[in-house]
Amino acid sequence: MIIVYAAILLGILIFVHELGHFLLAKLLGVKVLKFSLGFGPKIIGKTVGETEYRISSVPLGGYVKMLGEEPGEELPETEKHRAYNYQPVWKRVAIVFSGPLFNICFAGVIFFLIFLNGVPVPRPDIGRIEENSPAERAGLMTGDQVVEINRQTVYGWDDIEDSLTGNEGRMLVYKIKRGEELIDFEITPEKTVSKNIFGEDRDVWDIGISPLVPPTVGEVMKGTPSEAAGLRRGDRIVQIEETVLKTWQDMTGIIHGNPGRELAFRIERNGEFIDLNIAPEKKAIKTPEGDDKEIGLIGIKPEGNTIIKKYGVAKALPEGIWKTWDISKLTLVSIVKLFQRIIPAETIGGPILIVQMAGQQASMGALNFFTFMAIISINLGILNLLPIPILDGGHLMFLGIEAVRRKPLSERFVMNAQKIGLAIILTLMVFALYNDVMRLITGKMIP
């Protein structure tokens, strides 16, 4: 089934990409000879009007073949006005750019539908409270539920985060539910330094709280200390050694800090208490500062503490656009960080990783699968815009040069540049495939 899910994902994304080229070419009066899903020999095809629609044997790609696209192609005078190479630069730019644009817009449509259907967000229950933070000084406690902020109803943890974005130190009134009691707290956020996903410092406004994640096991991974010890999904870890646990973070702090040391766990399972001894296995990681650190892991994931938050059309549309923009920006920044070697090259994945991830996300449900599809669609769109000959971005680069020079580049130059571009792409594909194989051999995922 993993192969089937990967084929569905790649097939849809390639179809969307080529559909962009196809529709713009048709719209702008260019004759399209072939519209193929996949490369290589034809499996099945049918000619409708002047265009042959086909499915080819190699599913990792696709193409739109337009009249006059081949270098040196001889055309009758009556057909030249419909040939790609005889179109003004702006038309060719539109046709080339439409493929990546369709991929990015398709992701936006997926995100819109996801928000419309509902997304899981953490409940507005307070977990860990930082020492000497505004929340601690105000008197908030673990387990408190945030009901309102400045008289605005709080539905999920994202509402709490939104209230802090750009706060600039303005006082907020939190209405808290504690047991059966409702209490108002006046809290002024403070500017703190936080790390982004690349380990870089950023200023944020914060009150020092994080969402409550109970220490309840949601998944036990195979071949790990937790599986060997007999932990099960649904087990609640109530105590490690002498420490009584309230949150998942309390538990992970102890486990991470004791690599290789056997620890005494007390588990609550179906109303009964069970004692287990588990020794976290040692794992070397990179800290956000780039330092090497050894931590302990036992191989479990939390059950979570979420609600499904649905958005109306008026809210889902901007949320879908913003999410698409956010992922697009993150993709561009990640490419830059790869060249700066802030992100290790080992994170580059190829077809094997995509197949694995497609199957894994599909097994976790439709929401995960379609979210993954949207992210891959954005990546496909943006990577195709890189100024590498043979990619859409390379064609746009040549068209930009042609617009400045007011005459096309020579066919020989374009052919040689495309050979270089093909060599670059093949090198990247071989490197990505090498990373995939090494992950399979070593059992490691992306660092």
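Me: A crossing is left-handed if the near helix is turned anticlockwise from the far one by less than a right angle, and right-handed if clockwise. Is the crossing in which α7 passes α9 left-handed or right-handed?
Reply: This is a predicted model, where local features need pLDDT of at least 70 and side-chain atom pairs pLDDT 80 or more, while totals for chains, interfaces and linings use all residues. Residues are numbered from 1 along each chain as its sequence is written, and side-chain values use heavy atoms, without hydrogens and water. Helices (H or I, at least four residues) and strands (E, at least two) are DSSP runs numbered from the N terminus. The crossing of α7 past α9 is right-handed.

Me: At what angle do the axes of α7 and α9 cross?
Reply: Axes are lines fitted to C-alpha atoms, for helices over the stretch in contact, and angles run from 0 to 180 degrees between N-to-C directions. Under 35 degrees counts as roughly parallel, over 145 as roughly antiparallel, 65 to 115 as roughly perpendicular and the rest as oblique. α7 and α9 are therefore oblique to each other. The axes of α7 (residues 313–339) and α9 (residues 366–383) come within 10 Å, and their crossing angle is roughly 55 degrees.

Me: How are α2 and α10 oriented to each other?
Reply: α2 (residues 89–117) and α10 (residues 392–405) pack with their axes 9 Å apart, at an angle of about 165 degrees. The orientation of α2 and α10 is therefore roughly antiparallel.

Me: How many charged residues are in the contact of α2 with α10?
Reply: The crossing of these two helices, α2 and α10, is left-handed. Contact (heavy atoms within 4.5 Å) involves Val89, Arg92, Val93, Val96, Phe97 and Pro100 of α2 and Asp392, His395, Leu396, Leu399, Glu402 and Ala403 of α10. Ala, Val, Leu, Ile, Met, Phe, Trp, Tyr, Cys and Pro count as nonpolar, Asp, Glu, Lys and Arg as charged, and the others, Gly among them, as polar. The contact of α2 with α10 divides into eight nonpolar, one polar and, as for charged residues, three.

Me: Which strands are the edge strands of the open sheet of four?
Reply: Two strands pair if DSSP finds at least two bridges between them. The order of the open sheet is β14-β13-β15-β16, with antiparallel pairing. Pairing on one side only marks the edge strands, β14 (243–244) and β16.

Me: Which residue is the bridge partner of Phe265 in β16?
Reply: β15 (residues 263–269) and β16 (residues 272–278) run antiparallel and are joined by seven bridges. Glu268 stands opposite Phe273 in β16. The bridge partner of Phe265 is Leu276.
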